[in-house]
Amino acid sequence: MRLILLGAPGAGKGTVAKLLTQLDGSVQISTGDILRGAVQAGTELGRKAEAFMKAGDLVPDDLILGIMEKRLQEPDCAKGFLLDGFPRTIPQAEALKTMLARLGVQLDVVANIEVPREEILNRLTTRRTCVNPQCQAIYNVRSQPPKVEGICDKCGSAVVQRADETEAAISRRLDIYQEKTAPLVAFYRREGFLLTITAPTSEGVVAAIQKQIAG
Ligand code: ADP
Ligand code: ZN
């Protein structure tokens, strides 16, 4: 399947993407994971992106488009892809449209996951992420803690609160989402791909997407 997952930080895009990859071998492409990996590895991309990310700001479009241009041409995308965290601005959405046309592929659906702001704040302040760039498993200290506190079940690395998950950075990310990313809902409604989902759990969101794709 070829899908865009749209939704505020904390809407569950990453969790839904991971569940969907298990269905048909589509790959999850998370620009946030790619950027955090680059920051950890200390690459040029990481050095350019780090300050924006830490403040909760968007990384400039040209950096993101450079990443995605390459990523979408890798062979594992042939089975399908789940875009998690991209596009995030209208210029990114326009550029993606051009890239997909050039690659000759069509989107199936743009899933807009809607979660109340209260719930988002609650989830983000309790979210913890594995520091291993190859893993980046997500936990929640209340609803889904790791078996051993602070240690990833999957790879044994440390599980920490992300630098951009302080209250100030979270509130900034939510404002930026409203300003820069929420306009994509109308964009994709016009393009005819939009599916808005209000299911309260990630499993419910996955079921709604499967139903839509099955037609
Ligand atoms: P979340 O969805 O929880 O906000 P992500 O992991 O998707 O987190 O992104 C983390 C940070 O990485 C963002 O706050 C932003 O700084 C940067 N980022 C990720 N994807 C993009 C994008 N498509 N455009 C601009 N910045 C991005
Ligand atoms: Zn891990």
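## Basis

In this predicted model, local features need pLDDT of at least 70 and side-chain atom pairs count only at pLDDT 80 or more, while totals for chains, interfaces and linings use all residues. Residues are numbered from 1 along each chain as its sequence is written, chains are lettered from A and ligands numbered from 1 in the order in which they are written, and side-chain values use heavy atoms, with hydrogens and water left out.

## Zinc site

Ligand 2 is a zinc ion. Its protein donors are the SG atoms of Cys130, Cys135, Cys152 and Cys155, at 2.3 to 2.4 Å. (Donors are N, O and S atoms within 2.8 Å of the metal, or 3.2 Å for Na, K and Ca; water is not among the atoms, so sites may look incomplete.) The site is tetrahedral, with angles of 98 to 115° among the four donor atoms. (Four donors count as tetrahedral if all angles lie between 85 and 135 degrees.)

The donor residues follow the spacing C-x4-C-x16-C-x2-C. Cys135 sits in the loop between β5 (127–130) and β6 (138–140), and Cys152 in the loop between β6 and β7 (159–160), so this pair ties together parts 17 residues apart in sequence. (Helices, H or I with at least four residues, and strands, E with at least two, are DSSP runs numbered from the N terminus.) Cys135 and Cys152 are both buried. (Buried means under 20% relative accessible area, exposed over 50%, partly exposed in between, with a 1.4 Å probe and protein chains only.)

## Val131

Val131 also lies in the loop between β5 and β6. It is partly exposed, because its relative accessibility is 29%. Beyond its neighbours within four places in sequence, Val131 is in contact with Gln40, Ser157, Ala158 and Val160. (Contact means heavy atoms within 4.5 Å.) Val131 and Gln161 are 30 residues apart along the chain, with 9.3 Å between their C-alpha atoms.

(A residue is near a molecule or strand if one of its heavy atoms lies within 4 Å of it.) A polar side-chain atom of Arg36 is 2.9 Å from an oxygen atom of the ligand. A polar side-chain atom of Gln92 is 2.9 Å from a nitrogen atom of ligand 1. Gly85 places a backbone N or O atom 2.8 Å from a nitrogen atom of ligand 1. Taken alone, ligand 1 exposes 550 Å², and the protein buries 97% of that. (Accessible areas come from the Shrake-Rupley method with a 1.4 Å probe; for residues, only the protein chains shown count as cover.)

Just after α2, Gly42 takes a positive phi of about 70°.

Arg102 belongs to helix α5 (residues 90–103). Arg102 is exposed, at 60% relative accessible area. Its C-alpha is 21 Å from that of Gly85, 17 residues away in sequence.

Asn112 is in strand β4 (residues 109–113). Asn112 counts as buried because its relative accessibility is 3%. Its side chain makes a polar contact with the side chain of Thr196, at 3.3 Å. (A polar contact is a pair of N or O atoms within 3.5 Å; within protein, one must be able to donate a hydrogen and the other to accept it, and residues adjacent in sequence count only if both atoms are side-chain atoms.) Beyond four places in sequence, the contacts of Asn112 include Leu6, Tyr177 and Val185.

Methods: Four donors count as tetrahedral if all angles lie between 85 and 135 degrees; four count as square planar and six as octahedral if opposite donors are over 155 degrees apart and all others between 65 and 115; anything else is irregular.
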